[in-house]
Amino acid sequence: MFSKIPQRLTAPLGLLSDSEKLAFRSQPGGLQKLAAVRNIPETDGYWNQYVVLFDSASEVFSLITPNDIRRALLEAPENVATLIRAISLRLFNLISDHTFPGPSSTSVSAFATSFIKAGTGTGERNATKEVLNCLRVLQRVLPVVFETEGAESGSFEVDVFWKKVEVDSMEEQPVPQTESPQFVIEDDEDSEDEAKSSAPQSAPTPHLKKQLPSLGERLFSSIIDLLFCCGFTLPMQIQKDHYKINYVIWEKGIGSMVDPGPGHQYDSNKTEVLRLLLVLLSRQIYVSASSLFSKPSMYTLHLVQKLPRRDVLTLLCSLLNTAMNSPQAQPITINSMAGKLPYNHLVFKGEDPRVNLVAICFEVLVVLLDFQSGSARDVVVGTNEQQMSAPTARTNEFRYFLMKLHRTQDFQFVLSGILGIMEQEVMNMNNILPGARRATPYIAENIVFFWKMIELNKRFRAYVLDSDQGIDLIAYLLCYNLEIKDKPQQHGICRALSYIVQTLSAEPTFGQRLTNPIRASLPSKFPASGTAADFLIHAIYSIVATTSGQLNSLYPALIIALSNCAPYFRNLSVTSSARLVQLFTSFSSPLFLLSDEGHPRLLFFMLEMFNSVILHRLSENPNLIHGILAAHKTFEDLGTFTLARGLREIRRVQVAKEDQARKLSLDDKRKSRRVSREEHAPEEKKNLVNNENENDTDENSAASQIPHSDHDGGPTITTEPVVSPTPDSIPSAKPSEKSKGKMKQRRSSSSLDAGSLERMAAAGIGRNGFVPTPEWVASWQQGLPLDIVMLMISELLPKVQEMQSSQKASSASTILDFLGSVTLVDVLPPAPPLSPRRFVWSDASIVWLTSLIWGEIFVRGMTPLGVWNSTNIRLFYVKHSHNQQRQITETVSNVVGGLLGRTNSDTSVSRTRA
């Protein structure tokens with residue numbers, strides 16, 4: 001019975017020996033031949049090894065390097081073209097072959113059969129393995145081809161992929177009728193319009209010659225077929241007769257209420273096919289940002305404009321459902337059970353096929369929904385102020401059909417999926433053990449997809465804001481923004497989150513929801529006490545106050561969001577009101593105003609916010625009104641602000657800091673001198689030394705007794721009078737003659753004439769070296785909307801001061817009660833209609849988001865395969881840096897590695913994308 005088992009296995013377990021794979025790189029008949037021998041025929045047996053040699057994607061990417069392809073393109077470019085054609089034709093033939101797909105490699109019988117046949121040398125060809133190798137080789141070769149061609153699709157790329165061949169047509173073939181779709185997303189009127197527009201094209205016209213599809217068209221068609229191939233990416237039980245290609249949505253969700261059956265064993269195959277699709281779509285990362293619109297990717301254009309509607313809808317819903325079903329319960333496997341254990345990603349270092357599939361589905365989805373280059377740009381509709389851009393079925397079908405979603409159950413499905421992913425990420429933040437769980441790998445794509453949904457589909461945006469889960473989702477997004485704000489490599493996502501908040505804040509429903517409390521469970525470091533408005537204010541304040549100007553690009557969108565929401569603020573808490581006044585105080589400081597050309601607009605938006613509260617919710621926000629009255633001097637100074645006064649204030653602050661630093665240095669020297677004297681002086685001399693030190697410190701007693709204002713913290717709401725202190729009310733000690741001399745010297749050094757002010761301004765203010773001018777200051781100072789605030793201050797401040805002077809106890813509560821009942825209808829002008837500032841897409845913002853999306857995809861693709869590594873990316877700049885691991889994570893990794901017999905030689909290297 002053991003006679004059929006071979007004595008020596010030539011290919012153990014169906015795998016080729018390592019010597020044959022290593023020989024592929026070293027022998028003349030292997031990879032070297034690609035560049036060394038010119039004009040290798042397409043029918044040569046040399047190309048066969050690229051299909052049968054490899055057993056995994058990692059082998060393809062390790063044995064074939066970008067330098068090998070680059071050298072072949074330089075020395076024998078015709079061989080690279082032949083390689084692409086040979087591999088592609090092999091792929092086309094395998095898909096139509098009756099042996100594909102073969103039996104699943106996971107079955108025991110198939111494994112045993114391949115074991116015996118591989119040893120005897122009589123094994124049949126493995127069509128599934130050959131298809132996968134065709135996909136992998138193309139994944140490896142195409143990025144280098146794209147890099148070499150550059151911005152322009154050169155003759156090489158056009159000849160290989162897009163050149164059509166004309167052949168004689170013996171008889172006229174009738175045009176096949178489009179199959180009825182599995183479901184309908186678009187509106188009826190759109191379908192009628194498109195049917196009319198496509199009617200003239202459907203009429204057959206006689207031709208003596210016909211054009212065959214180009215290689216690129218056939219490749220895309222084959223990729224779509226592989227994504228819906230029974231036995232390869234779909235369960236075998238849904239195959240109809242002998243037709244193995246069945247365009248069925250992968251999972252239950254939008255467009256399909258029926259689950260086609262368990263297909264998790266095919267997740268890795270889906271990932272391989274989608275990776276090749278993503279490589280084809282990555283053509284645009286080898287184009288500079290300035291050429292992104294004028295030189296669109298022909299591959300992406302074909303996918304978003306030329307695919308049949310059936311393929312577009314099935315692919316869109318399959319990607320969407322797979323991504324949105326990711327938070328749902330997964331089948332019980334070793335990986336899923338281990339995923340619930342702390343530090344599981346350090347113990348089980350293998351990749352989860354399901355996670356990889358969801359991640360690449362997200363990547364392909366956001367790339368297709370983001371594409372707007374060339375003829376795929378949205379069409380501008382409407383006139384004048386009502387102008388807006390929208391996709392059509394002829395520009396980008398994926399954007400168009402996403403816009404056409406309208407069923408409530410579909411919206412609930414998408415919202416639950418997005419919310420579930422964000423909830424998982426927030427739970428990881430709240431973990432007691434640092435580094436115990438791996439971060440969600442597709443969190444950035446989830447955020448971008450949500451942005452695309454609310455941008456393209458107005459009905460979904462309204463559904464989110466009307467839903468009780470909408471505020472919870474906003475809270476999760478703000479928490480994630482607070483979590484990553486200190487990570488430079490994540491600042492692009494922070495910027496996207498700020499634009500999302502601005503987009504939602506322009507909707508009236510969002511403002512009306514701000515009075516509700518946040519019911520979601522948030523990390524303890526981000527408390528959600530009070531209403532949603534309080535949490536929004538605290539989050540924005542934390543982002544602005546703790547980033548030290550590193551996120552200047554975020555500030556306008558966040559402050560605009562506050563301004564948009566201001567008409568709906570009600571009963572803001574004491575701390576929230578203080579935070580708003582502190583932001584205003586910081587923005588109104590001369591050093592901040594004069595250090596950048598865009599800083600005054602932040603002050604403008606803050607004043608707009610205060611005006612909206614005063615005009616719409618004056619009596620409902622006594623804490624905020626009290627804070628504004630407390631900071632009345634800041635508002636008054638803005639009304640008479642000039643460049644000269646601002647420069648004097650900056651110089652005064654600089655001198656004060658220098659004096660403080662000098663004083664601290666002097667105190668340290670005296671303290672060290674005192675310690676040294678005490679150590680060496682006799683006991684009877686110590687009292688004399690102490691007396692001398694006390695006499696020395698008398699000179700600075702006056703300065704130490706003068707209370708100073710906190711410029712960074714801003715005013716807080718207390719029971720003290722709102723009136724600013726006068727010189728008579730400041731307690732001071734009588735200075736000595738020596739102190740008076742020093743004070744005169746300090747005043748003379750701090751005084752600046754006009755010439756010195758001009759030199760100071762010309763030298764630049766702030767870290768960017770911005771040079772302010774009097775004309776520039778006058779241009780924005782005269783346009784500050786101070787009238788409403790100053791009217792309110794002039795009307796209420798005398799009354800509050802009178803109440804403070806007449807009452808001794810409980811003055812704060814009395815004042816707040818008064819401010820809560822006051823009305824200024826006869827004093828203030830009527831409130832203008834609400835006109836929130838919406839986020840408006842521009843060419844620069846579209847290019848930025850495209851760069852952000854592809855940057856995230858590039859970084860994730862660096863490991864384990866390195867799909868785009870060692871290629872010249874032109875769309876964005878990649879900066880490599882090493883990050884040190886956290887000590888506890890490194891310790892656990894070393895301990896676990898020792899238990900399992902592993903070393904920590906594969907220490908992960910974090911790379912930062914600029």
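I took a contact to mean heavy atoms within 4.5 Å. With that, I looked up contacts in the protein with a separation of 6 or more, and residues 24 or more positions apart account for 80% of them.

**Ground rules.** I am working from a predicted model, where local features need pLDDT of at least 70, side-chain atom pairs count only at pLDDT 80 or more, and totals for chains, interfaces and linings use all residues. Residues are numbered from 1 along each chain as its sequence is written, and side-chain values use heavy atoms, with hydrogens and water left out.

**Overall make-up.** I noted 41 helices and four strands. Helices (H or I, at least four residues) and strands (E, at least two) are DSSP runs, numbered from the N terminus. Of the 914 residues, 47% are buried. I called a residue buried under 20% relative accessible area, exposed over 50% and partly exposed in between (1.4 Å probe, protein chains only).

**Core.** I looked for a nonpolar core, a set of buried Ala, Val, Leu, Ile, Met, Phe, Trp, Tyr and Cys residues joined through side-chain atoms within 4.5 Å. The largest has 251 residues, and Y50, F449 and F569 touch the most other members. In general, nonpolar side chains tend to be buried together in soluble globular proteins. Leaving out residues up to four places away in sequence, I listed what Y50 touches; among them are F24, L31, L34 and N133. Y50 also belongs to a cluster of F24, Y46, W47, Y50 and F54, linked by ring pairs.

**Aromatic pairs.** Rings of Phe, Tyr and Trp (its six-membered ring) pair if their centres lie within 6.5 Å; planes under 30 degrees apart count as stacked, over 60 as edge-to-face and the rest as tilted. How many aromatic pairs does a search of the whole structure find? It finds 35. I picked out F228 and Y247, a tilted pair with 5.6 Å centre to centre and 45 degrees between the planes. Both sit in the loop between α11 (215–227) and α12 (267–281), 19 residues apart. I then checked F362 and Y442, which are stacked, with 5.5 Å between centres and 25 degrees between planes. F362 is in helix α17 (residues 353–370) and Y442 in the loop between α19 (408–429) and α20 (443–456), so this pair ties together parts that are 80 residues apart in sequence. F362 and Y442 are buried.

**Charges over rings.** I counted a charge as over a ring if NZ of Lys or CZ of Arg is within 6 Å of the ring centre and within 35 degrees of the ring normal. R310 lies over the face of Y247, 3.9 Å from the ring centre. R495 has its charged end over the ring of W848, at 4.6 Å from the centre.

**Cysteines.** I searched for disulfides, pairs of cysteine sulfur atoms within 2.5 Å, and found zero. C229 counts as buried because its relative accessibility is 0%.

**Backbone.** The peptide bond from F100 to P101 is cis, with omega near -5 degrees; P101 is in the loop between α6 (77–96) and α7 (108–120). I also looked up N39, which is not a glycine but has a positive phi, near 55 degrees. Is N39 buried or exposed? N39 is exposed, because its relative accessible area is 55%.
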